[in-house]
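Dear colleague,

Please find below the structure that I am handing over to you, followed by an account of what was found in it. I would ask you to keep the structure open while you read.

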Amino acid sequence: MRHHDPFTIIKRGKVYYYYCYDSYGVRRRFSTGQTNRIKAIKICMQLADSDKLMQESAKASSLTFADYAKGWWTTECRYVREQSLLGRNLTSGYCRRCRFVLDKWLLPYWGRRYLHTITSIQVETWLIWLSGTKEMAPKSANNLKGILSVMLGQAQHEGLITSNPCAASRNLSGKVKERGILTIEEARQLFSSLDYWRGNRIAMAANLLAACTGMRNREVAALQPEDLRDGWIHVHSQYDKFGLRPTKTKDERNLPLPLEVMNILRQLAAVGGGKWIFTYDGVLPATQTSFVRNLHWACERIGVDWKERNICFHSWRHFLNSLLINNNISTEMTQHMTGHTTMAMTENYLHFDPSKYSPIVELTRKIVE
């Protein structure tokens, strides 16, 4: 076995740290709390004489991922607090999502493993397992790895591990299947009869709204009666399992609607319990899954192979974007509808003029004619 000195002194910032090796041969770093090198060396010599250098490092090497993960992504999390002090405030929604990933995907797999034993090869094996056994999309698996990397990166920063194994591991690759869209004729047929939707007016209206506005799934679910205006709607929130929160891009936008679609929304608002437009029980918004499931059923009834063409709720954003561009609608208006906005457009939201968007209303009216 390679010989190591009992400890090595090194300065980080103003404070002196010492390195030593545990029983696994893994180098650990600890703070002496001293800004004077001589005092720092004296402390290390005292620890070495009492054999406490190795005791401390042994504690670090026995730390499992589950032990380390306690309190993570909460207000008590050291990483969250540090990010706040550095001016990088993490939103509560982001922390909740990361905590959900930790509980569902990270702890079951990594919980019993010792931090210092996790390798880049093991991380890649985990990604392959997620993609193969769990049939997770490469992008989704890579996103989970990103959260794991943040946690192990913090462990490295704290001196618990010498390197972040995620940094040396490779991401999954995979050609993203092109998102399919319906033609204007297919869309008109789709919304021509409630029978195609198994009588589900809520799901049909949700998809119709997305087709006419390009709204995201969660934005549709979050729509409330007070968001309905005279010829337009105000989009400011999204709704998911974490509740009501700002839109994905943190923007608010006003979207014009054909009168026919607005009347449908007002009818749903009248029977929805007063809180949500799209709701089955009057208490919570309709699940976004029901929007997609009913869309697929309706596609099957008009002879559209949604699996082969990769049709999903998000396809309506591509549908509207293509419809507007192909009909020479300006880039400014198209960005406004889809929410891909620039800061220069923010002022336009404060003085919204529906008549300015009348060409778009005429185009989207063709869907329900």
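The largest cavity is lined by Met215, Glu219, Ala222, Leu223, Asp227, His234, Val235, His236 and Ser237. Please note that the model is a predicted one. The residues of this lining divide into four nonpolar, three polar and two charged. The volume of the largest cavity is about 40 Å³, and the structure holds one cavity of 30 Å³ or more.

The largest pocket is the next topic. Its volume is about 1800 Å³, and 42 residues form its lining. Lys139, Ser140, Asn143, Arg218 and Lys248 are the lining residues that lie nearest the centre of the pocket. The elements that each give two or more residues to this lining are the helices α5 (92-110), α7 (138-157) and α11 (217-221), together with the strands β5 (237-240) and β6 (243-246). Of these, α5 gives the most, with nine residues. By type, the lining of the largest pocket divides into 16 nonpolar, 13 polar and 13 charged residues.

Finally, I would draw your attention to Tyr21, which lies in strand β2 (residues 15-21). Is Tyr21 buried, partly exposed or exposed? Tyr21 counts as partly exposed because its relative accessibility is 24%, and the partly exposed class runs between the buried limit of under 20% and the exposed limit of over 50%. Tyr21 and Thr8 are 13 residues apart in sequence, and their C-alpha atoms are 9.9 Å apart in space.

With kind regards

Key
Residues numbered from 1 in each chain as written. Predicted model: local features only at pLDDT ≥ 70, side-chain atom pairs only at ≥ 80, totals over all residues. Heavy atoms only, no water. 1 Å grid on protein atoms, 1.4 Å probe; cavity = no way out; pocket = protein on both sides within 12 Å on 5 of 7 lines; lining within 4 Å. Points joined across faces, edges and corners; volume = space filled by probe spheres on them. Nonpolar A, V, L, I, M, F, W, Y, C, P; charged D, E, K, R; others polar. Helix = DSSP H or I, 4+ residues; strand = E, 2+ residues; numbered from the N terminus. Buried < 20%, exposed > 50% of the residue type's maximum accessible area, 1.4 Å probe, protein only.
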